[in-house]
Amino acid sequence: MKICLVLLAIIAGHDGLSWPAFLGDGGGGIDPASLPVEWSPDRHIAWAADLEGYGQSSPVIKNGRIFVTSVTGEMKNQFHVFAFNLRDGKQIWKHSVESSELVKSSFYVSRAAPTPVVDSARLICFFESGDLVCLDHEGNLQWERSLTKEYGPLKNRFCIGSSLAQDENNVFVLVDHDGPSYLLAIDKKTGENAWKQERTSRISWSSPALLPINGKAQIVVSSAGSVDGYDPKTGELLWSTDEIGGNTTPTPRSAGDGQFLVGASAGSRGESTEIASTSNCLMRVTTGEDGGPVVSKVWLAEKALSSFSSPIFYKGYGYWVNRAGVVFCFDGKSGEKQYSERLAESNWATPLAVGDRIYFFGRNGETTVIEAGPKFKKLATNRLWEKESEQSGQEQRRGNFGGQTQYGVAAVAGSLVVRTGKVLYCVRNEKE
């Protein structure tokens, strides 16, 4: 157990003062008392910073700075990277990148969706245009690449949305689309390929995850019909299972060494309902008698489906949130359902677990905080901004894609940072 915990800490790089990548590591290392349970538009909002353009990526945090991305232009002409001061929300610098692949900007395509990674020396950003850019913490360019120029145009009618993963030396980029798909490991210092692994073409927006498998880190990819494990040093495919479907968006989340949760959706029109009903599960990778890997579904999350958010495993329980905003809780050992309860809103951001509580960030600005464990106990329901008036006819036609949306969060000691399309919010126990 100690080995697993240490490995998870190394993978995440989380020390309570940084949130280095997509989904952080679930809040480990943060003093729970430093984060508020309750807030409202006039209480505990330390600051709000307007963002140029629009973006769906989550923020990342390092050394007292928040890094976040956005896009501008009718054809998503320019992507932008911003650094903000965590203390007061002041913008420190901006770096802009001309898009290598122009696509009409709309509510129906990803817009600056991939989340960057940050380490002690550099920030690496990936955009759905296929552009990669590496900057130091002062915004100075270190290297850049265009994957569309190197490997061809990206074919996904909603654009790709996969966030980056990293270890000490490499950043990992997943490009799954209708064209030639691949997983890349890129040296963070030089920007050159460490390896490239070809993948079967498929449409997906899920992100790779570095997870502990039998005492070693592996890259686990859950994407459109398969779950695959790769060696992060060589790119070798170590194992794969195709007994799954509807897994086009959620990222696999660790449930201890060799175990992880998989999320799957029925699809916008219910086209994947049947296969998704047997795909939300706890998976386990063990070593067989012949020394090879054995992949199995330990238990199914009965009647649970995912949506845009990923499931989480916390203090022995697994949690899924479906499209209707219903949270399902399952016992991590037996798979027995503990409860299913409706939250205030559906979730696009993945829940955050800290201390004895779990934060569920409703897409329209209402966050439900519950007590972690087998009983559903609501601790608070919070609004980040004033509830919007009746939607206009145009917004109603846009369906789920109109209005402000809580897309992603990052948490460090004393600060909870929430990102919407055009605003970055910081929530604290006390206003400064």
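A residue is called buried under 20% relative accessible area, exposed over 50% and partly exposed in between (1.4 Å probe, protein chains only). The model is predicted, so that local features need pLDDT of at least 70 and side-chain atom pairs count only at pLDDT 80 or more, while totals for chains, interfaces and linings use all residues. Residues are numbered from 1 along each chain as its sequence is written, and side-chain values use heavy atoms, without hydrogens and water.

**View 1. The ring pair of Tyr339 and Phe376.** Rings of Phe, Tyr and Trp (its six-membered ring) pair if their centres lie within 6.5 Å; planes under 30 degrees apart are stacked, over 60 edge-to-face and the rest tilted. This rule gives 16 aromatic pairs. Tyr339 and Phe376 are edge-to-face because their planes stand at 70°, with the centres 5.4 Å apart. Phe376 is partly exposed, at 25% relative accessible area, whereas Tyr339 is buried, at 7%.

**View 2. The ring pair of Trp348 and Tyr407.** This pair is tilted, with 45° between the planes and 5.9 Å from centre to centre. The two residues are 59 residues apart in the chain, and both Trp348 and Tyr407 are buried.

**View 3. Charges over the rings of Tyr54 and Tyr151.** A charge sits over a ring if NZ of Lys or CZ of Arg is within 6 Å of the ring centre and within 35 degrees of the ring normal. The charged end of Arg111 is 3.7 Å from the ring centre of Tyr54. Lys196 lies over the face of Tyr151, 4.6 Å from the ring centre.

How values were computed: Helices (H or I, at least four residues) and strands (E, at least two) are DSSP runs, numbered from the N terminus.
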